Amino acid sequence: MIRQGAIKYGLVVLLVAMVLVFSYLQPAFGSMRNSFIILQSVSIVAILALGVTATLAVDGFDLSIGATAALAMMTSSYVLVVLDGGTLAAVVAALGVGVLVGLLNGFLTVQMRIPDLLATLGVMFLLLGLQLIPTEGRSIAAGMILGDGGTAPGRFSAGFLELGRTRLFGVVPVPVVIMLVLALITWLFLERSRFGRLFYAIGGNRSAAWLAGANVSAYRYGAYVISGVYASIGGILLAARMGRGDVSSGNSLLMDAVAAALVGFAVLGAARPNALGAVVGALFVGVLLNGLTMLNAPYYTQDFIKGAVLVVALMFTFGLAKRS
């Protein structure tokens, strides 16, 4: 009974305990303002983790999701600043990038039968290099000097910046609202729709799903397109929040998103990729890092702590579950 409780509620109890300890040690941690700072800081990572979750559900894995977000960020910035386009054009172009990357990943893994890890790893390096070419490795900002010596004619429009900086009712950041909406959509899709059940069926036994009549190839393509679109949304929000296209901003997104998606396996004993777990996993890591920062813990310990959290969470999920 105790073991089952640890499997199902261990991570949630640990999250609550962290909040209580950090609030006791640093009272400002528990303030409403800091709570929304944490939610805003994890919103982009959570969106990317939802994309990773979609690929994990079909027994895939998208290592290119961080690079896709970075390319979408640079694409939207390029459209706004260099091409002097509008908000709609920037958003559509960035989302188009996500769709194309998803189709490319689907083609490599489904048609070419390259293992998911290898295919998406190759695409990751491809995208990381591609984002640097149009600006010759420079970040994109209003008034930047172009390669021909001229000045970029555009700027980040007010409408675009509102996507990353506006607070609804002066309290809730827009990225947090978008994260919650996407989490609900993903949860309903995976847990309550026929298509989501087929995602899990394919992830559980691809051959059996194919024999049962599921179009395995189409569903695997769909999972990677979902991942690419979610990554693009994350990239758009990142560009809108920063007000520039920073070539180094997407470096940590991959590991944080993967960590959140995998930690999510331990939420409520799911032991499988799920939308709720991905969001809670991102929140778990965000609370941990925010609390350590407010306690003035050295910045160079953060990656170690994130890794330790991931290992412990997966031990709860798989180690205890197998023994039971």
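I began at Ser139, whose side chain makes a polar contact with the side chain of Asp246 at 3.5 Å. I keep in mind throughout that this is a predicted model. The side chain of Ser139 also reaches the backbone nitrogen of Val247, at 3.3 Å. I placed Ser139 in the loop between helix H5 (116-130) and helix H6 (158-165). When I set aside its neighbours within four places in sequence, I found Ser139 in contact with Met144, Arg244, Gly245, Asp246 and Val247.

Next I looked up the salt bridges, of which the structure holds 4. One of them joins the side chains of Asp59 and Arg206, at 3.6 Å from N to O. This pair links distant parts of the chain, since Asp59 sits in the loop between H2 and helix H3 (65-81) while Arg206 belongs to helix H9 (residues 206-211), 147 residues apart. I noted Asp59 as partly exposed, at 44% relative accessible area, and Arg206 as partly exposed too, at 35%.

I then turned to Asp116 and Arg220, whose side chains meet in a salt bridge at 2.9 Å, N to O. Asp116 is in helix H5 and Arg220 in helix H10 (residues 216-242), so this pair ties together parts of the chain that are 104 residues apart in sequence. Are these two residues buried or exposed? I found both Asp116 and Arg220 buried.

A further salt bridge that I checked runs between Arg138 and Glu136, with the closest N and O atoms 4.0 Å apart. Here Arg138 is partly exposed, at 31% relative accessible area, whereas Glu136 counts as exposed, at 60%.

I moved on to Ser43, which I located in helix H2 (residues 32-57). Ser43 counts as buried because its relative accessible area is 0%, and its side chain reaches the backbone oxygen of Gln40 at 2.8 Å. Not counting residues up to four places away in sequence, Ser43 touches Pro175, Val176 and Met179. Those three are among the buried residues of H7, which also include Leu182, Ala183 and Leu190.

I wanted to know whether the length of helix H7 (residues 174-192) agrees with its residue count. At 1.5 Å a residue, its 19 residues should span 27 Å, and the end C-alpha atoms are 26 Å apart, which agrees.

How values were computed
Residues are numbered from 1 along each chain as its sequence is written. This is a predicted model: local features need pLDDT of at least 70, side-chain atom pairs count only at pLDDT 80 or more; totals for chains, interfaces and linings use all residues. Side-chain values use heavy atoms; hydrogens and water are left out. Helices (H or I, at least four residues) and strands (E, at least two) are DSSP runs, numbered from the N terminus. A polar contact is a pair of N or O atoms within 3.5 Å; within protein, one must be able to donate a hydrogen and the other to accept it, and residues adjacent in sequence count only if both atoms are side-chain atoms. Contact means heavy atoms within 4.5 Å. The expected span of a helix is 1.5 Å times one less than its number of residues. Buried means under 20% relative accessible area, exposed over 50%, partly exposed in between (1.4 Å probe, protein chains only).
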